[in-house]
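Below are some notes to read with the model open beside you.

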Amino acid sequence: MIDLYTFTTPNGRKVSIALEELGLPYKAHVVDITKGDQFKPEFLAINPNNKIPAIVDPQGPGGKPLSVFESGAILLYLAEKTGKLLPADPRARAEAVQWLMFQMSAVGPMLGQLGHFKRFATEKIPYAIERYTKESERILGVLDKHLAQHEFLAPEYSVADIATYPWLAGATQYYPELLPAVANVRRWMDTVAARPAVQRGMKVPELK
């Protein structure tokens, strides 16, 4: 039983989707980042960077417990542990990993900054909003061009799709104006959203 420490954010949902897709038994623990739970000593012992998600696998390498933080690292760990969601062919694997890194370095950070300055900042800064809107549009354009020629981000459904989907699902909700120009992204989102494991993972954790 893997322990998942998470909250209702795109990064958290990446891992719950992966666990659902892989059929691994897990228990979700709510780390309420709105109440500062991520700074509690017991969570810092698992993730010194005080961010969700994190996992503890009691059956890590050599049968010993292992804690892993950073969502991309967790996805790679789970894929390698099970031999699933990451192509075995080296060329296809490299494609999956590069798109996973694109999510980690571009999709998440830029949409996250857009959300911060457009939704949460107490002072609305036009320069920041324009900067991150344009960069988000550019990134969506990169994805759309690629998906015009491919069903998934890699040659097969992989951790790259799992990492990217929750962020774009959030964009659909909060910034629908970004999506009309990217029909291929919308097609891909519909395909991923139809997967039962994705639907289950997007509901984790259930807040009381």
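1. A word on terms before we start. Two strands are called paired if DSSP finds at least two bridges between them. Helices (H or I, at least four residues) and strands (E, at least two) are DSSP runs, numbered from the N terminus. Please keep in mind that this is a predicted model, in which local features need pLDDT of at least 70 and side-chain atom pairs count only at pLDDT 80 or more, while totals for chains, interfaces and linings use all residues. Residues are numbered from 1 along each chain as its sequence is written, and side-chain values use heavy atoms, with hydrogens and water left out.

2. Let's begin with the strands. β1 and β2 run parallel and are joined by five bridges, with Y5 facing H29 of β2 across the pair. On β3, the partner is antiparallel: three bridges connect β3 to β1, and D3 is opposite V56. Together, β1, α1 and β2 form a right-handed β-α-β unit; right-handed here means that, with the strands pointing away from the viewer, the path from the first strand over the helix to the second runs clockwise.

3. How many of the five residues of β1 are buried? Four are, so β1 is largely enclosed by the rest of the structure. Buried means under 20% relative accessible area, exposed means over 50%, and partly exposed covers the values in between (1.4 Å probe, protein chains only).

4. S71, G72, I74, L75, L76, Y77, L78 and A79 are the buried residues of α3. These buried residues pack against β1 (2-6), α1 (10-22), β3 (54-57), β4 (66-69), α4 and α6. After the helix comes G83, with a positive phi near 75°.

5. Within α3 (residues 71-82) sits G72. G72 counts as buried because its relative accessibility is 4%. Setting aside neighbours within four places in sequence, G72 contacts L100 and M104, where contact means heavy atoms within 4.5 Å. By comparison of positions along the chain, G72 and D144 are 72 residues apart, and their C-alpha atoms are separated by 22 Å.

6. Next, the interior. A nonpolar core is taken as a set of buried Ala, Val, Leu, Ile, Met, Phe, Trp, Tyr and Cys residues joined through side-chain atoms within 4.5 Å. The largest such core holds 59 residues, and I55, L78, L143, L168 and W188 have the most contacts inside it. Two or more residues come from each of β1, α1, α3, α4, α5, α6 and α7, and α4 provides the largest share, 10 residues. Which residues does L143 touch? Not counting residues up to four places away in sequence, they are W99, F102, V107, L153, T164, L168 and V185. There is also a second, separate core of eight residues, among them Y5, F7, I46 and I52.

7. Is Q38 buried or exposed? Q38 is buried, because its relative accessible area is 10%. The residue lies in the loop between β2 (26-30) and α2 (41-44). Beyond its neighbours within four places in sequence, Q38 is in contact with V31, D32, I33, F43, L44 and N50.

8. Finally, the charged pairs. The whole structure contains nine salt bridges, each being a side-chain nitrogen of Lys or Arg within 4 Å of a carboxyl oxygen of Asp or Glu. One of them joins E177 and K118, at 2.9 Å from N to O. This pair links distant parts of the chain, 59 residues apart: E177 is in the loop between α6 (159-174) and α7 (183-193), and K118 is in helix α4 (residues 90-120). E177 is partly exposed at 47% relative accessibility, and K118 is partly exposed at 33%.

9. K134 and E130 form one, with their closest N and O atoms 3.0 Å apart; both lie in α5 (residues 126-147), four residues apart, about one turn of the helix. E130 is partly exposed, at 42%. E135 pairs with R138, the closest N and O atoms being 2.8 Å apart. Because E135 and R138 are three residues apart in α5, about one helical turn separates them. Both are partly exposed: E135 has a relative accessible area of 24% and R138 one of 45%.
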